[in-house]
Amino acid sequence: QVQLVESGGGLVQPGGSLTLSCAASGFTFRMYNMKWYRQAPGKERELVAAIGNTVGSTNYGDSVKGRFTISRDNAKNTVSLQMNSLKPEDTAVYYCNALNPYSGGNYWGRGTQVTVSS
């Protein structure tokens, strides 16, 4: 059974930091590109960060470049998102996504809420 379980969300003040984690199971994690998306109320889901399946190349949405860092641990089947200098506009539900570039397998977690507010 495929599972992606996000954790680490919560309430943080502007300028603060949070680290999100996503634990994967039920598929060959190292074969999948891993991504974090977010969706704020009334807005479309947007790509926050992505990391490649083997080489580990990364890319980021323009709004988070220089503040967020994505990383993965293929031994532990986890992907993390370190978020620094958080802003109120980062408030959203953050989703973990796994995409196999060869088979097209595409899995989603249920999301974790991040709220940036004073």
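Colleague: Is cysteine 22 buried or exposed?

Modeller: Cysteine 22 is buried, as is cysteine 96; buried means under 20% relative accessible area, exposed over 50%, and partly exposed in between, with a 1.4 Å probe and protein chains only. The model is predicted, so local features need pLDDT of at least 70 and side-chain atom pairs count only at pLDDT 80 or more, whereas totals for chains, interfaces and linings use all residues. Residues are numbered from 1 along each chain as its sequence is written, and side-chain values use heavy atoms, leaving out hydrogens and water.

Colleague: What joins cysteine 22 to cysteine 96?

Modeller: A disulfide is a covalent bond between the sulfur atoms of two cysteines. Here a disulfide (sulfur atoms within 2.5 Å) links cysteine 22 and cysteine 96, with S to S 2.1 Å. Cysteine 22 belongs to strand β3 (residues 18–25) and cysteine 96 to strand β9 (residues 92–99), so the pair ties together parts 74 residues apart in sequence. Strands (E, at least two residues) are DSSP runs, numbered from the N terminus.

Colleague: Why is the disulfide left-handed?

Modeller: The torsion about its S-S bond is about -85°, so the disulfide is left-handed.

Colleague: How many bridges join strand β4 to strand β5?

Modeller: Two strands pair if DSSP finds at least two bridges between them. Five bridges join β4 (residues 33–39) to β5 (residues 46–51), and these strands run antiparallel. Lysine 35 has alanine 50 in β5 as its bridge partner, and alanine 50 also stands opposite asparagine 59 in β6.

Note on methods
Helices (H or I, at least four residues) and strands (E, at least two) are DSSP runs, numbered from the N terminus.
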